[in-house]
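Me: I'm new to this one. Can you walk me through it in short answers?

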Amino acid sequence: MARAAKASDGTQGSNATPSVNRNTSKDDLLKYYREMLLIRRFEERAGQLYGMGLIGGFCHLYIGQEAVAVGMEAASIDGDQVITGYRDHGHMLAAGMDPKEVMAELTGRIGGSSKGKGGSMHMFDIETGFFGGHGIVGAQVSLGTGLAFADFYKQNGNVSYTYFGDGAANQGQVYESFNMAKLWKLPVVYVIENNEYAMGTSLARASATTELYMRGASFGIPGEQVDGMDVFAVYEAGLRASEHARSGNGPYILEMKTYRYRGHSMSDPAKYRTKEEVDDVKKNRDPIDHIKTMIEQAGVTEDELKVIDNEIKAIVLEAVEFAQTSPEPDPSELYTDVYLEA
């Protein structure tokens, strides 16, 4: 895929992703379709398990935002790190985590990625470079900046992808992190997943400035606004931002304009927005429907897509069965992984 022009260093950048020549192969189209569909079907089943009482605590679904995690992951290289907030299942799957381990963690089983001790909001998997979902709003931003400092210190050529939402964008530690990241030119890409509602409050009601890609302007951090419902726009922006950070130019901000179809969490009835608004996004901006149209234009038949759909359903069903049959952790696990023996 050809890259579009990068935003100028030290400026706000553009408020829209530049158009590019997308010479996308059929295999790439199917890959992105498969990965986004896996997240969608996985999250749908997670919602069902929550309703059955098999997932406890909070559960924040990623349905509608799949293109962000998948597109950014496609722009990364081995050794890059990902860190995010508590809406983390989709990020783990995009990073290559085994769906069985993710679902088992949701249900609090020993087969989970954190041995059933983290649950929905606090997953972690070092092997895939996923440094956790974090329950404290904005906490992951300073931690992700710390990961970038480690990369800078080691000169390993890696980048920290640090995700946070439009609500967390107003946290004080975000700006402290911006300042240090720019001062030391740390290799970090800040990805703001702007799904328009921080819990139950629209961005326009909660923020004095709604152009979140400009939040780093006072520090000289470039940024751009991206169509977060288009996996290719995300991928291309991810390449630009990663190249900027990886080349020693310091941090970059990507504001992903996306949308979540469900409430903030499973306990949220989402009465602060109309059904018509949600239906309009589903009909006209759905990230999976968008790529499905491109796939059909590339000559893939409906029967071929049904084969993929059935494969994904089987993977998710296997994950559910594993999560239900994996035993709960022994009480002794409360004392493991607390301190590192040195």
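Me: Which residues of α1 meet α11?
Reply: Lys26, Leu30, Tyr33, Arg34, Leu37, Leu38, Arg41, Phe42, Arg45 and Leu49 of α1 do. On the α11 side they meet Glu304, Leu305, Ile308, Asp309, Glu311, Ile312, Ile315, Val316, Leu317, Val320 and Gln324. Contact means heavy atoms within 4.5 Å. Helices (H or I, at least four residues) and strands (E, at least two) are DSSP runs, numbered from the N terminus.

Me: Where does all this come from?
Reply: This is a predicted model, where local features need pLDDT of at least 70, side-chain atom pairs count only at pLDDT 80 or more, and totals for chains, interfaces and linings use all residues. Residues are numbered from 1 along each chain as its sequence is written, and side-chain values use heavy atoms, with hydrogens and water left out.

Me: At what angle do α1 and α11 cross?
Reply: Roughly 40 degrees, and their axes come within 9 Å. Axes are lines fitted to C-alpha atoms, for helices over the stretch in contact, and angles run from 0 to 180 degrees between N-to-C directions. α1 and α11 are therefore oblique to each other. Angles under 35 degrees count as roughly parallel, over 145 as roughly antiparallel, 65 to 115 as roughly perpendicular and the rest as oblique.

Me: Left-handed or right-handed?
Reply: The crossing of α1 and α11 is right-handed. A crossing is left-handed if the near helix is turned anticlockwise from the far one by less than a right angle, and right-handed if clockwise.

Me: And how do α1 and α10 pack?
Reply: Helix α10 covers residues 287-297, and α1 packs with α10 at about 150 degrees. Their axes are 10 Å apart. That angle makes the two helices, α1 and α10, roughly antiparallel. α1 passes α10 in a left-handed crossing.

Me: Which residues make that contact between α1 and α10?
Reply: From α1, Leu29, Leu30, Tyr32, Tyr33, Met36, Leu37 and Arg40. From α10, Pro287, Ile288, Ile291, Lys292, Met294 and Ile295. The contact of α1 with α10 has 11 nonpolar, no polar and 2 charged residues.

Me: New topic. What's in the largest nonpolar core?
Reply: The largest nonpolar core has 68 residues. Met72, Val189, Leu254 and Ile291 touch the most other members. Helix α1 (residues 26-51) gives the largest share of this core, 11 residues. A nonpolar core is a set of buried Ala, Val, Leu, Ile, Met, Phe, Trp, Tyr and Cys residues joined through side-chain atoms within 4.5 Å. Buried means under 20% relative accessible area, exposed over 50%, partly exposed in between (1.4 Å probe, protein chains only).

Me: What about a second core?
Reply: A second, separate core has 16 residues, including Val141, Ala181, Val188 and Ile221.

Me: How many residues of α4 are buried?
Reply: 6 of the 8 residues in α4 (residues 99-106). They are Pro99, Val102, Met103, Ala104, Glu105 and Leu106. The buried residues of α4 pack against α1, α3 (89-94) and α11 (302-325).

Me: Is Gly90 buried or exposed?
Reply: Gly90 is buried, at a relative accessible area of 0%. Gly90 sits in helix α3. Beyond neighbours within four places in sequence, Gly90 contacts Ile39, Glu43, Tyr62 and Ala69.

Me: Now the loop between α4 and β2. Where is Arg109?
Reply: Arg109 is in that loop, between α4 and β2. At 16% relative accessibility, Arg109 counts as buried. Arg109 and Ala323 are 214 residues apart in sequence, yet 6.7 Å apart in space, C-alpha to C-alpha.

Me: What is phi of Lys115 near?
Reply: Near 60 degrees, a positive value in a residue other than glycine. Most residues other than glycine have a negative phi. Lys115 also lies in the loop between α4 and β2 (130-133). Lys115 is partly exposed, with a relative accessible area of 33%.

Notes
Nonpolar A, V, L, I, M, F, W, Y, C, P; charged D, E, K, R; others polar.
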